[in-house]
Structure formats: C-alpha cells, structure tokens
Amino acid sequence: MSQEACTPSQEGAAPPSAAAWRRHLGPAADGFGVADLVAGGSLPRVWAERWAAEPGRRVLWAAEAGGWVTAGELEERTRRRAGQLAALGVGPGDRVLSCLPSSLELVEWHVGALRLGAVAVPANPAYRERELAHVVADAEPAAVLVPDAERATWAAPAHPGATVVGPDTPRPDPADVPLDRAGPDAPALLPYTSGTTGAPKGALLTHANLLAGVRALVAAWRWSPDDVLVLALPLFHMHGLGVGLHGTLTAGAAAVLQPSFDAAAVLDAVAEHRATLFFGVPTMYARLVAADGAVALGVLRLCVSGSAPLPSDLHRRVEEVSGQRVLERYGMTETLMNLSNPYDGERRPGTVGLPLPGVEVRLSEGDHGEIELRGPNVFAGYWRRPEATAEAFTADGWFRTGDLAEVDADGYHRIVGRSKELIISGGYNVYPREVEEALAELPGVREAAVVGTPSPEWGEVVTAFVVREPGPAGGGGDGPVDAAAIERWCAERLAPYKRPRLIRFVESLPRNALGKVLRDQLR
Ligand code: MLC
Ligand code: AMP
C-alpha cells in the first residue's frame, strides 16, 4: 500500500523525559528506552511468540467458547481467520472492516487481519446506514464483516469492490499464507474519529504505534501474565481494543470478554474469575458504585478510568464503597494513551497524571494550554487527508490534541477544557456538526445547534436547540415538527449515543457578528 496518509517529520525529537519514566517505572526505568517499547516490531509477532512459548496458558474467556480459550487455540483460530481473509482476496495493506459486536468472533477476525498484514478498520455495529456507508466508502476495504443482512445491504453499495461477509456467507477454506510478517512501519489500524472537527476521518496507526502505546501501559501499570482483566468495553474503540485487548495479549495475561457492560455481570466476573483488573469509562464506575456488591471492586489490583473526565466525587465514591483508588489516564484514538496517574505514588483525583514512557507532552502556553504530543505512539496521519493531517500537527511536528490542560508543580496534568467541538457522552465521542447536519435535513427544521450539557450519569448529554419552520412540518405532519418526529428521524440516521437526549425549541440561535453560533451561550 502506498503511504496515503501524510507522515509528519519526527526529526529533532528530544529524548523523552527520563524523570517521567522514573516516576512511572521506578528503578525499572534504568536501561528501559524507546527501543524496548517497539521491540519485536509488531503486535502479532510479539503475540505469536508468546503463544508458541506457552500454548496451554488461558488467554480469553468467552461465553461463545463455553469457557477459556488457550494461547494455542487462539493461535489456531486467528490463523484460520487470516487464511479465510486471504482466500477472500485480502492481502497485506488491504483494509478489513469489522462492524461486529464485541465477541470472540470479532477478536478472531481482528487478530487474523493483523497477522495477515491487513489494516483493521473497527466500526460500531450500532451505526446506522449513513454512518457505516461513510466509513466503508472512505476506507475502501477489501472485506467487510457484518453481523446481519441489513448491514450487508448498507455496506455493499458504499464500496462495490468489497467482499461483504455476513453470518450466512459461506466461509472459504483458509489459504496457506505467511503470517506475522508486517514490520513496525506497516499500517495496522484505521479507526474513525472526527479528530478536531468535521466528518469522521480514518486515523492510521502503524504496528510500531500500537506496540509502543501498549508496552508503555504494560510497564507503567505492572501488567503481568498473572493478570485477569474484566473486559466489558466495546471492542471497536481504542479503550477496549487498543488498550484492553492488545494490552492483555502483549502482557501474556488473560481477559474475560463481556458482550456489553452490565454492572452486576462485571462484579460477578470479578469474583468468578478472580480478576485483577478492570478498565472503564466514568459512566461505568457510576453504575458500579450504585450496584449491590460494589465492594468487590476492592479486591482488584488496579481499576483504570479514561475516555472522559472522572469527576473527583465519583473517584471518592469508588474509594468509599470499595477501598479502590481508581487510576485515571488520558488518551486518544490517534495516540493511544499519553498521560497516566502513577501506579506507585499518588493517584490524584481530577488529574490525568504524568507523561507515559515514550510520550513527550508539552502545553502550548507553557504551564497551560493545548496538549501537544510527540512519541512513537503518535499516529501516521489521517487516511487520505493530507490537509487535515498537516493541520493536526504544529510546524515543529507535535500532534495537537484539541484538549486544554494545566500542569502543576509536581507534573500532574489536569484537563480543563477542549478547543475542539466535541461532546463526550458515556465515553463515546459525538461531533455536534454530524448531529446538526442530520437535524437540518428534517423537513420543518430551519436550523439546529447541538451542544453537550452536563449530566451526572453520562458526563455530558447531547442537547439540540432547534429552530422550526413556521407552519406545518413537511413530510405529511399536520403541525410544526415536534420532539417525537425529531427522535424518529435521528433513530434512522444516527447511532443511539449520538441522538439528542434533550431537545429545546427556540425562536433563533444566538450568533456573533460573524454569524457563528455561540455554543457557550446555549450551554
Ligand atoms: C448507550 N446509550 C447512550 C450511550 N450508551 N446514550 C448516550 N451516551 C452513551 N454513551 C443509549 C442506549 O443506546 C440506550 O438508548 C440508552 O442510552 C440507555 O442504554 P443503556 O443500556 O443504559 O446503556 P448501555 O448500553 O449500558 O451503555 C452505556 C455504556 C456505553 C457506558 C456501557 O455507553 C459504553 O460502552 N461506553 C464506552 C464507550 C467507549 O468505549 N469509549 C472509548 C472511546 S476510545 P435507547 O434509545 O435504547 O434508550 C477513547 C480514547 C480513550 O475515548 O481515551 O479511551
Ligand atoms: P477519542 O477521539 O474517541 O479517542 O477520544 C479522545 C478524547 O477523549 C480526548 O481528546 C479527550 O478529549 C477525551 N479523554 C480521554 N481520556 C480523558 C480523561 N481521562 N479526561 C478527560 N478527557 C479524556
């Protein structure tokens, strides 16, 4: 595959701060460097080596498998999927889009694609037609894996060159192909994100990016082969996939896969499997502390929160209820994880801690401002969008996150806002413009603005301010468009987490002299 994303220059990179490495790793920081983060060259090579060394070790627990899948079985299952993809015509560098629910099957296809040297494109199976079609058309995958016939009919026209594999598609016999050959600079993962603004873009991560990102966590969080993670995060986003799954396999540890998050099921799994780790978004912690048996969180070696701000009072609640002091970290699709509270040492509520091994962090105004990043974890660029890639980096090659922070005298970072227009609801990112565009297409809506408003359950909820056309709505309605019509319209076009949960009808939208909507005023 040609390098279709624009790779920014990393020339002149200063070595990552030895002090921050030491704060995370203690004496183990001595003799540990960037080369160690990317040793082995790719995740599949590192995994295959581990699986061969200890084939009998339990790796994944999945209801579908009726229990534990061992390393040797996972090697076979993923080899078979890689061979089936090859038989479908997929080769190294081709994209493989999976739009599947979190499951062992998804893991098999994903790891199989990586082993083949293909580029895995994860997509949320809750996407509606326009959302899925956008990603399929943009990524131009050679194969698309879907859970049902409806999604097959949505995906196929978006890229007629793709082979769409649904549940009833006969699986070919696996071809015998070389596996685990991709090198560190080969593209590995293409998750979609809207970046700072605009339509969802593919963020192209190399094998080295994925490996460096995950190795830093394995070291900083003392992830060991003895660990058992309860993995209830969706496996189509960086948190569940790039951290939870990839980290487990890289550490040679084990994970209990859950098809979705349910607080009681998580607490049961902790006891049943003698789990040691849980990773979640703040909404999950809010539900866990409210559940019967929340005290069980206290038996875990480590609980990590991320993807959205963990309110300090929720941090304290978890500790009151279970004795567990949650470790908060900060990451992004484009970079994996960047900052983390230390494993040993103070975990400060309301902060996201210190730069992780390999990651250089600077703030645009010195001790405050936009977080800018450099390191082996930072992605190669946006897929086929050189302008967006160029905009995302400073002239001297640092990635601009769009998150605003301040740093205290001890080096702890506190996220204080965002310069990008983004709503985070329950750990899912929602781009106001995408929702506004869907609303504006509804006959009877003159214009709409979407903002996030605070919510104790979701962090923020998607809130729409709608200006209606006077008189009867289009589309056969008798009166002006109402909230029920908006909900029906959005349900057809947007995944559930993007749909406005609050709808306010207003006479006009507040604008500045240049005509730009004043979102702060709406909030
Ligand atoms: C579900 N719903 C949501 C929602 N999740 N609405 C708003 N925001 C969300 N996040 C909808 C459901 O579809 C349903 O709609 C209604 O809310 C109630 O559903 P529920 O059953 O109570 O919710 P549930 O399905 O349990 O989902 C809640 C959740 C989920 C917290 C488990 O949102 C979740 O898995 N969030 C994690 C997202 C994540 O992995 N983010 C990481 C991105 S990577 P209806 O219409 O049926 O009533 C990243 C980088 C990093 O950010 O740093 O990690
Ligand atoms: P995504 O684009 O889905 O990868 O989401 C990344 C965004 O999530 C970041 O740019 C932040 O805005 C936000 N984020 C992740 N972790 C945290 C955190 N611990 N606190 C605050 N925001 C976070």
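Sixteen residues, written 16 in the count, surround ligand 2, and the closest are R329, T333, D403, K420 and N429. The model is predicted.

## Ligand 2

Start with the make-up of the shell around ligand 2. By class, it holds six nonpolar, five polar and five charged residues. Strand β14 gives the largest share, five residues.

Polar contacts come next. T333 uses a polar side-chain atom, placed 2.6 Å from an oxygen atom of ligand 2. R329 uses its backbone instead: an N or O atom there lies 2.7 Å from a nitrogen atom of ligand 2. S307 also takes part through a polar backbone atom, 3.1 Å from a nitrogen atom of ligand 2. On its own, ligand 2 has 500 Å² of accessible area, and the protein covers 92% of that.

## Ligand 1

Around ligand 1 there are 23 residues. R287, S307, R329, S425 and G427 come nearest. The shell divides into twelve nonpolar, eight polar and three charged residues.

| Residue | Atom of the residue | Atom of ligand 1 | Distance |
|---|---|---|---|
| S307 | polar side-chain atom | oxygen | 2.6 Å |
| G427 | backbone N or O atom | nitrogen | 2.9 Å |
| R501 | polar side-chain atom | nitrogen | 2.9 Å |

Taken alone, ligand 1 exposes 1,000 Å², of which the protein buries 72%. Two elements give two or more residues to the shell around ligand 1: α11 (282-290) and β14 (327-332).

## Strands

An open sheet is built from four strands in the order β17-β18-β20-β21, with antiparallel pairing. β17 (360-363) and β21 (413-418) stand at the edges; each has a single partner strand, so one side of each is left without a neighbour in the sheet. Direction ignored, neighbouring strands of this sheet are turned by 45° against each other on average.

Look at one pair in that sheet. Strand β20 (residues 399-407) and β21 run antiparallel and are joined by five bridges. Here L404 stands opposite G417 in β21.

Strands β1 (residues 58-62) and β2 (residues 67-70) pair in the antiparallel sense over four bridges. W61 has W68 of β2 as its bridge partner. Four residues lie between the strands of this hairpin, and G66 takes a positive phi near 70°.

Most residues other than glycine have a negative phi. Two exceptions follow.

E140 has a phi near 45°, a positive value in a residue other than glycine. It is found in the loop between α6 (129-139) and β5 (143-145). Is E140 buried, partly exposed or exposed? Its relative accessibility is 34%, so E140 counts as partly exposed.

D180 is not a glycine either, yet its phi is positive, about 60°. The loop that holds D180 runs between β6 (163-165) and β7 (187-189). Is D180 buried or exposed? The cut-off for buried is under 20% relative accessible area. D180 has 14% relative accessibility, so it counts as buried.

Definitions and conventions
Residues numbered from 1 in each chain as written. Chains lettered and ligands numbered in written order. Predicted model: local features only at pLDDT ≥ 70, side-chain atom pairs only at ≥ 80, totals over all residues. Heavy atoms only, no water. Near = heavy atom within 4 Å. Polar contact = N/O pair within 3.5 Å; in protein donor to acceptor, adjacent residues only side chain to side chain. Areas by Shrake-Rupley, 256 points an atom, 1.4 Å probe, with all protein chains shown as cover. Nonpolar A, V, L, I, M, F, W, Y, C, P; charged D, E, K, R; others polar. Pairing = 2+ DSSP bridges. Axes fitted to C-alpha atoms, helices over the stretch in contact; angles between N-to-C directions. Buried < 20%, exposed > 50% of the residue type's maximum accessible area, 1.4 Å probe, protein only.
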